[in-house]
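Please look through the structure below with an eye to where its nonpolar side chains gather and where its charged side chains pair.

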Amino acid sequence: MAASIIDSKIFGDMFSDEKMRYVWSDENRTAKYLDIERALARVQGRLGIIPQNAADEIVKNCELSQIDWVKLKAKTEQIGYPIIAVVNQINAQCKDKLGEYCHWGATTQDITDTAAVLQIREGLALVEEDLKDISASLAKLAREHRDTPIIGRSNLQQATPITFGYKMASILAGIERHRERLAQLKPRVLVGEFGGASGTLSSLEKGAMETQAGLMKELGLDQPLISWHTVRDNFAEVGAFLGIVGGSLGKIAMDVKLMMQTEVAEVFEPFAPGRGSSSTMPQKRNPISCLYIHANISVVRQLAASLMDAMVADHERSTGPWEIEWVAMPEIFCLTSGALKQTKFILAGLEVDAAQMRRNIDMTHGLVMSEAVMMGLGPYIGREYAHDLVYDICRDALRQQRPLIDLLAEHPEITKHVTREQLTTFCDPMNSLGQAGVMVDRVLASLQQ
């Protein structure tokens, strides 16, 4: 019986992704505990800290197939943590009491934290692939629509012409920054933990630092400079990173939602029969993926803040904030994976109506070109005076429901300086795209592989 939206048989694959759910599953988490205990035994056997035959026996019995899940659940509920329960089961499988050397010098939090780091590594790898795919789709749209005119919008009002390629390249630049951030945070986050009770490895009389170094090498993690049991900025950074990734995905969803409005109709989510239909209005085509993205990233932001609460930990081993991460981190990753999946779907098959984009530019009969007209007249009559004059003529054009260029061409103070042909040039949206194309090219040239 699933109560969480992430694990729902109905909604699970809409709000999350199967691969990410596996990363944070009980099975994978427990497998990571076993990986760490196996690696620890192997390293300590090699260093002579525990007998080699004990190390071999422990390694042989660190197998997920041997875990009794009923016993693990019962023991975890009794103790409060699963690590001792896992170690008990490993020990019970080993012959001649050699399993007593399992978990030698470690503490529960060492194994729990390092397992979480291993899960984070797998989760970030999935996020990295999704960001790469999203970047590729945005780059394709930017390249194909480098010179496709569309109206820019300010405060939900028509502003000045841009290109659809510019719009996509602007978002693409942000996604590329996320890829850069991800590469930068890995050295800070992919660091294991092995410090013992208070972090000083006092439980090992010899080979303590060698064990720590060997363990991290076995696991492919960096060795910590000092124990971080109650210094949790690394996990909070992961949450914050995924929170801002979600913000960028939400920006995409917001723009697509607005551009799918009937009155706008410039782009659409990919079509599939019945997708986005209404139970009562047959004509509707709702922005379904956008809705799920918006919901997911909103919750991720709240959960990311909870990881900052978890940073406020007491002394060397804390009395509770640690468990906040157990609740929040899987949800953050799974909900982010759902938002990434929905975004990939939208961008890979986005339907673009370039003709409608041009019709929307033209719907004001030239009013959106008022800035270009003002700047064109500026050298003749001054920019400020040109602004006020064009402002008044725009109001007249609205009242009279006439094209702006007609009123401009009739005004004596304008016609004594410029011809109608010049005014036509001022009023052509294709002449007012600024450096949009240059900026698109710059973004495309900077893309990571």
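This is a predicted model: local features need pLDDT of at least 70, side-chain atom pairs count only at pLDDT 80 or more; totals for chains, interfaces and linings use all residues.

In soluble globular proteins, nonpolar side chains tend to be buried together. Here the largest nonpolar core has 95 residues, and those with the most contacts inside it are Ile120, Phe164, Phe241 and Phe333. Helix α7, residues 108-144, supplies the largest share of this core, 14 residues. Phe333 illustrates how such contacts reach across the sequence, for when residues up to four places away are set aside, it touches Met20, Trp24, Ile120, Gly123, Leu124, Val238 and Leu242. A second, separate core has 20 residues, among them Leu389, Ile393, Leu404 and Val418.

An unreviewed UniProt entry places the feature "domain: Adenylosuccinate lyase C-terminal" at residues 365-444. In the model this span is 71% helix and 0% strand, and its end C-alpha atoms lie 34 Å apart.

Leu72, which lies in helix α5 (residues 69-79), has a relative accessible area of 7% and is therefore buried, the limit being under 20%. Leaving aside neighbours within four places in sequence, Leu72 is in contact with Thr30, Ile67, Pro82, Ala85, Val86 and Gln89.

Side chains of opposite charge can pair when their charged atoms come close. The count of salt bridges in this model comes to 26. In one of them, the side chains of Arg153 and Glu266 meet at 3.0 Å, N to O. Because Arg153 lies in strand β1 (residues 149-154) and Glu266 in the loop between α10 (233-259) and β3 (267-268), this pair ties together parts that are 113 residues apart in sequence. Arg153 is partly exposed at 36% relative accessible area, whereas Glu266 counts as buried at 0%.

Arg188 forms another salt bridge, with Glu237, and the closest N and O atoms are 2.5 Å apart. Since Arg188 lies in helix α8 (residues 164-189) and Glu237 in helix α10, the pair ties together parts that are 49 residues apart in sequence. Arg188 is partly exposed, with a relative accessible area of 46%, and Glu237 counts as partly exposed at 23%. Elsewhere, salt bridges that share partners join Arg42, Arg46 and Glu218 into one network.

Methods
Residues are numbered from 1 along each chain as its sequence is written. Side-chain values use heavy atoms; hydrogens and water are left out. A nonpolar core is a set of buried Ala, Val, Leu, Ile, Met, Phe, Trp, Tyr and Cys residues joined through side-chain atoms within 4.5 Å. Buried means under 20% relative accessible area, exposed over 50%, partly exposed in between (1.4 Å probe, protein chains only). Helices (H or I, at least four residues) and strands (E, at least two) are DSSP runs, numbered from the N terminus. Contact means heavy atoms within 4.5 Å. UniProt positions are given in the numbering used here, feature names are shortened, and annotations may be inferred rather than shown by experiment. A salt bridge is a side-chain nitrogen of Lys or Arg within 4 Å of a carboxyl oxygen of Asp or Glu.
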